[in-house]
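Please read it alongside the sequence and the coordinates shown here.

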Amino acid sequence: MKMYEAILDILGKKGNATIPVICQEMSEQSKSLISNKQDLIEPSYIKTLVSSNKELFLIKDDIVSIRPDKEPVLMTVVLHGYPGPEMRVRIDFKRNNFTYFEWNLDSKASQHLQLGTFGSVEDFKKKLYPLKVWEWEEDYQTDGIVVDGTSWSVTLKTKGRTYESRGLDSFPKDWKEFCQAVSILVGKRFSC
């Protein structure tokens with residue numbers, strides 16, 4: 001786990017936190033790995049790390065928080081390929097749950113979801129930050145006429161802003177990783 005991911009994890013659980021609290025939490029998490037007390041994480045290191053990653057963190061009076069425009073609240077993902085299926089996932093980060101819906105006109109539709117085969121919203125959220133969905137373009141289109149392509153849309157609502165992205169047979173560079181993360185979350189292959 002990268003250091004900034006550990007800080008995101010702590011802030012996700014505790015809310016805003018001071019640098020000393022973050023240091024203490026990180027030291028407690030890594031006690032099994034640290035054999036020497038001199039190896040404990042220093043507040044100056046955390047402050048430098050947070051200050052250099054202004055895209056994700058705010059720091060004021062030694063209190064660190066996740067930027068409101070980067071802290072996910074709700075995400076909706078829709079994927080539709082011709083002739084189907086259409087898949088929809090709604091992820092509620094505040095309630096720590098998701099819903100999955102699949103519509104398929106094919107009589108040989110895929111199997112039903114199995115109880116307990118899905119992942120966790122918390123793990124999905126950790127995978128979401130490096131994908132930087134907030135940097136995706138609003139519209140991805142291929143050149144020419146597409147008759148039976150794959151259409152998709154992603155709406156990410158954060159505490160400070162809503163990001164929308166969609167496309168037809170054209171995808172952001174991290175699309176495969178994104179679909180893999182969604183697949184792990186819903187416990188079913190999420191792609192057309």
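The buried residues of helix H5 are Trp175, Phe178, Cys179, Ala181, Val182, Ser183, Leu185 and Val186. The cover over these buried residues includes strand E4 (72-81), strand E5 (86-92) and strand E6 (97-103), together with helix H4 and strand E8 (150-158). The model discussed here is a predicted one, and the descriptions that follow should be read with that in mind.

Helix H5 itself spans residues 175-186, which gives 12 residues, and from its first C-alpha to its last it reaches 16 Å, close to the 16 Å expected at 1.5 Å a residue. Just after H5 comes Gly187, which takes a positive phi of about 75°.

## The chain as a whole

The protein chain holds five helices and nine strands, and read from the N terminus on, these elements follow the order α-β-α-α-β-β-β-β-β-α-β-β-β-α. Of the 192 residues in the protein chain, 38% count as buried.

## The packing of H1 against H4

Two packed helices are described by the angle between their axes and by the distance between those axes. For helix H1 (residues 3-14) and helix H4 (residues 121-131), the angle is about 135° and the axes lie 11 Å apart. Because angles of 65 to 115 degrees count as roughly perpendicular and those over 145 as roughly antiparallel, this angle makes H1 oblique to H4. The crossing of H1 and H4 is right-handed.

On the side of H1, the contact is made by Tyr4, Glu5, Leu8, Asp9 and Lys13, while H4 contributes Glu122, Lys126, Tyr129 and Pro130. Sorted by class, the contact of H1 with H4 comprises four nonpolar and five charged residues, with no polar ones.

## Ser27 in helix H2

Where is the place of Ser27? Ser27 sits in helix H2, which covers residues 19-29. Ser27 has a relative accessible area of 11% and is therefore buried, the cut-off for that class being under 20%. Once its neighbours within four places in sequence are left aside, Ser27 is in contact with Leu40 and Ile41.

Definitions and conventions
Residues are numbered from 1 along each chain as its sequence is written. This is a predicted model: local features need pLDDT of at least 70, side-chain atom pairs count only at pLDDT 80 or more; totals for chains, interfaces and linings use all residues. Side-chain values use heavy atoms; hydrogens and water are left out. Axes are lines fitted to C-alpha atoms, for helices over the stretch in contact, and angles run from 0 to 180 degrees between N-to-C directions. Helices (H or I, at least four residues) and strands (E, at least two) are DSSP runs, numbered from the N terminus. Angles under 35 degrees count as roughly parallel, over 145 as roughly antiparallel, 65 to 115 as roughly perpendicular and the rest as oblique. A crossing is left-handed if the near helix is turned anticlockwise from the far one by less than a right angle, and right-handed if clockwise. Contact means heavy atoms within 4.5 Å. Ala, Val, Leu, Ile, Met, Phe, Trp, Tyr, Cys and Pro count as nonpolar, Asp, Glu, Lys and Arg as charged, and the others, Gly among them, as polar. The expected span of a helix is 1.5 Å times one less than its number of residues. Buried means under 20% relative accessible area, exposed over 50%, partly exposed in between (1.4 Å probe, protein chains only).
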